[in-house]
Structure formats: C-alpha cells, structure tokens
Amino acid sequence: MATKLPEAPRVGMVSLGCPKNLVDSERILTKLRSDGYAMSPDYAGADVVLVNTCGFLDSAKEESLEAIGEAIAENGRVIVTGCMGKEAETIRARFPNVLAVTGAHQYEEVVGAVHDAAPMPPSPFVNLVPDAGLKLTPRHYSYLKISEGCNHRCSFCIIPALRGDLVSRRPDAILREAEKLVEAGTKELLVISQDTSAYGVDIRKQPRPWKGGEVIPHMTDLARELGKIAPWVRLHYVYPYPHVDQVIPLMAEGLILPYLDIPFQHASPSVLRTMKRPANEAKVLERLKNWRAIAPDLTIRSTFVVGFPGETEEDFQYLLDWLDEAQLDRVGAFRFEPVEGAAANDLPGAVPEEVKEERYARIMEKTAAISAAKLQAKVGRTLEVIIDEVGDEGGATGRSQADAPEIDGEVFLRDAGHLSQGDIVMVEIEDADEHDLYGVPLDAV
C-alpha cells in the first residue's frame, strides 16, 4: 500500500511599508520555506497569514490596521509582525483574535508563532532535518544555549569582542526547543551560555505566553519550567549572583540537578580585582555553606587560572587555603596564557612559566585529594546514574548527577549488559578513586 505523504502547511504574506520591511518578509519566508512550509498566493489557500506592518506615519498605521482587518475577514488566522508590533495593545484592542503580535526584526518570534499556529506534520519521508535538529552529541543528552554574548569585561577574556553583549533568547523559544529535544530522546539538558545567571536581564520585562500562563525571562523561572520537561537539567557557567540562591530550592525539590558549574577563576581579592571580577570570596564561602544545608548533595564544579599576571605566592596560597574551606567537588585548572586582544596581556608582573607549572601541579594535587575524599564518602550509597555506553562484556559506563559529560568523572558498572544508552538507573556504589566511581545496578544485585 502506497504511503501518503502529509501536506505541508501553507503560509500567506502581506508585506507593507519600506524596502527594509520587504527584506524582513523575504527572510521570514526563506526561513519558513527551509522549515518545510509551502507558500500561498491568496487568503483562501493559507493555513495562517502573516501581516508585516508599517508604523512610520499615521496613514501607514491605518493602512496596516486595514490590512490586518482584511486578513482576519478573509482567513481568520493572522499573525502580525513589523513596526506596528510595538503597539500590540492597539492591535489587540481592535483585533482580539490575532494569533500573535511581534516587532520588527524578530524573526525567531515570527517563525515560532507560525510553528505554534500551523505545526509541520512529522514525516521521515520529507523532513531532511530531525525535529530536534542535527546533533553532535549522543541521543540521550543535549546542550541547550539560552543566550549569546556577555556583559562582563574580564581582563583575560575577549568573548564580548567576539560575540558582543548579552542577548537572551525568548524563554518560550528555549522551552519549545527543549520539548523537541526531549521528544527526540534527550534525557539530560545541559543549559549553557556565557553567563547563565544573567539570562533575561536584557528582556526582563518581556514575559511570554507558555502552557496557558506566562514564563518570565529569568534564570529561576526558566530552570523551573525546564525541570518540568526533562528528567535531568544541569546548569553550566553560573556566576554567583544573589538570585542564584533562588535556584537551590529547585534542586532540593528534584526539579533540576543539584549541580552548579561556577567559574570562580581565583579566590585572592587582589587577583580577582586585576581580573576585573568581583572579589567576594568570603560571601561565596558562606553561601556555599547555606546552599549545601538546603541541598546536601549539591555538587559544585569550577575552574581556576594560575599564574595570572601579578599573582604572588601569597595570592596562590590564599587560593589553596580557600579551596580547603570551599571543598569544591570538581575543579579544573589552567595556566594563564595571553590571548590576542585581551587587556591582561599588558598587565605587569608576568609569572615565569616554571612557576606556573609548579603552581598548576600543586593546585591539581590539592583538588585531587579533595575529590578523592568526597567520592570515597559515596561508597555504600545508592545513586541515580545515566548510562552513556554499554560494553560487549557486561560492563557499562555512566554518570551520576554530580558528573557532566566530558569534563567530570564517570561511574563504571559491572553486570550491566542488559542496560541501554540513555537509561537512568539506581546504582549501588562499591568503590571510588580520585575521579570516578564503581558500582552495580540495583536490579543486578
């Protein structure tokens, strides 16, 4: 029996105003066409109609409103975009049945509104790109980028010069992507950006409709909603702003993983000032203690730079003493290297390479001892583990909630040949070393 292919939804477009608006319309239609949508030359054949408005003059606004009214009368399913999108209240007051209103240049929002109004029917015969997009990671975990750029001006970093200031994605667009990833098999979402804690500061007054309510573009609100979508949600690149305190209860509730990747970079106040980072290490230590009181299994991962220009032996010893008190679970360290264009290159007090190497060896020895003690304390416990790989001889490799892929430790399992990649299972921990755990699935005991 022949397979009948589903028909692609058809989109109509009314484009008003200047050539810049026309270019915007072309970009929107190009994106929709690449997503598989068909174009309609008239109202009758369209599943949804886009009206790209002009708002430069009062006469242009009136023409735009008339075009919206005509589209609603002829078709009924209308999305409004363009310059008049800034006057959404005026549009909705006159036409309460419009499906969505977006502003000029908001291509992602327009395309998202079309996907909501007229979803593409899934079909492996015609969709060359999977619904979740092309992935370079295994099926069971996915990275989810929530913003671009950064508002910090750290002296060793050139990210703002490369990517500009912070630009946050719409929260509903992020959540839609998360849903698609989970539908395609993702069990673990790894939230990434240059500064996850700063998510939404540029669009904080733009809540978006979501699941019959609203979602606010804020780290805590986004984390809460993501926790409802995926079994595991892991936060990376979290600066310890005060509002991070609000995320810890979500971990205690089990909504997101008790894991924070915080790039401290150093602990010495003088080095942090030279790095142009906040020198608040005392407050951080107190907050770490409070966080662990709320979520006892909280894992803190961080990275540190050794040999930064001007770093003295006293500064480095301060860092080692701070690590003794902080008892971070996972630590990576880097020797300072000049990066072309970074302000730190011109700082005085360059640290000799042999001193960098010696300090690097000392910090790695310190953090390995802390890690070994923390992992040893997990022997005898039962932990939740996600399976990354199943071997041919009955073994398997996975990760606990304390382990991000590629950068943290692993859990090596025996008697686990019956498991599959992506399974989340309970594991009895039998042994540990400096970085990894060893155990057996409970159903094999």
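Colleague: In which loop does Lys276 lie?

Modeller: Keep in mind that this is a predicted model. Helix 9 covers 269–275 and helix 10 covers 281–294. Lys276 lies in the loop between helix 9 and helix 10.

Colleague: Is Lys276 buried or exposed?

Modeller: The cut-off for exposed is over 50% relative accessible area. Lys276 has 57% relative accessibility, so Lys276 counts as exposed.

Colleague: What is the phi of Lys276?

Modeller: Lys276 is not a glycine. Even so, its phi is positive, at about 65°.

Colleague: Where is Lys211 found, and what is its phi?

Modeller: Lys211 is found in the loop between strand 10 (208–210) and strand 11 (213–215). At 63% relative accessibility, Lys211 counts as exposed. Lys211 is not a glycine either, yet it has a positive phi of about 55°.

Colleague: How many helices and strands does the protein chain have?

Modeller: The chain has 445 residues, and 48% of them count as buried. Its C-alpha atoms fill a box of roughly 75 × 60 × 35 Å along the principal axes. As for secondary structure, the count is 12 helices and 20 strands.

Colleague: What share of the contacts with a separation of 6 or more comes from residues 24 or more positions apart?

Modeller: The count takes in contacts in the protein chain with a separation of 6 or more. Within that set, residues 24 or more positions apart account for 71%.

Colleague: Which residues have the most contacts inside the largest nonpolar core?

Modeller: That core has 50 residues. Helix 11 (residues 313–326) gives the largest share of this core, six residues. The residues with the most contacts inside the core are Leu260, Trp322 and Leu328.

Colleague: At what angle do helix 11 and helix 12 pack, and how are they oriented?

Modeller: Helix 12 covers residues 353–376, and the two axes are 10 Å apart. The packing angle is about 10°. Angles under 35 degrees count as roughly parallel, so helix 11 is roughly parallel to helix 12.

Colleague: How do the residues of the contact of helix 11 with helix 12 divide by class?

Modeller: On the helix 11 side, the residues include Glu313, Phe316 and Leu320. On the helix 12 side, they include Arg359, Ile363 and Thr367. By class, the contact has six nonpolar, two polar and five charged residues.

Colleague: Which residues of helix 6 and helix 7 meet, and how do they divide by class?

Modeller: Helix 6 (residues 171–183) and helix 7 (residues 219–227) pack at an angle of about 25°, which makes helix 6 roughly parallel to helix 7. Their crossing is right-handed. Pro171, Ile174, Leu175 and Ala178 in helix 6 meet Leu222, Glu225 and Leu226 in helix 7. The classes are six nonpolar, no polar and one charged.

Colleague: Is His236 buried or exposed, and what is its relative accessible area?

Modeller: His236 is in the loop between strand 12 (232–235) and helix 8 (248–252). Not counting residues up to four places away in sequence, it touches residues including Leu190, Tyr259, Asp261 and Ile407. Buried means under 20% relative accessible area, so His236 is buried, at 4%.

Colleague: With which residues is Ala198 in contact, leaving aside neighbours within four places in sequence?

Modeller: Ala198 lies in the loop between strand 9 (188–192) and strand 10. It is buried, with a relative accessible area of 8%. Its contacts are Leu166 and Tyr241.

Colleague: How does Cys157 count in terms of accessibility?

Modeller: Cys157 is found in the loop between strand 7 (147–148) and helix 5 (159–163). Its relative accessibility is 29%, between the cut-offs of 20% and 50%, so Cys157 counts as partly exposed.

How values were computed
Residues are numbered from 1 along each chain as its sequence is written. This is a predicted model: local features need pLDDT of at least 70, side-chain atom pairs count only at pLDDT 80 or more; totals for chains, interfaces and linings use all residues. Side-chain values use heavy atoms; hydrogens and water are left out. Axes are lines fitted to C-alpha atoms, for helices over the stretch in contact, and angles run from 0 to 180 degrees between N-to-C directions. Helices (H or I, at least four residues) and strands (E, at least two) are DSSP runs, numbered from the N terminus. Angles under 35 degrees count as roughly parallel, over 145 as roughly antiparallel, 65 to 115 as roughly perpendicular and the rest as oblique. A crossing is left-handed if the near helix is turned anticlockwise from the far one by less than a right angle, and right-handed if clockwise. Contact means heavy atoms within 4.5 Å. Ala, Val, Leu, Ile, Met, Phe, Trp, Tyr, Cys and Pro count as nonpolar, Asp, Glu, Lys and Arg as charged, and the others, Gly among them, as polar. A nonpolar core is a set of buried Ala, Val, Leu, Ile, Met, Phe, Trp, Tyr and Cys residues joined through side-chain atoms within 4.5 Å. Buried means under 20% relative accessible area, exposed over 50%, partly exposed in between (1.4 Å probe, protein chains only).
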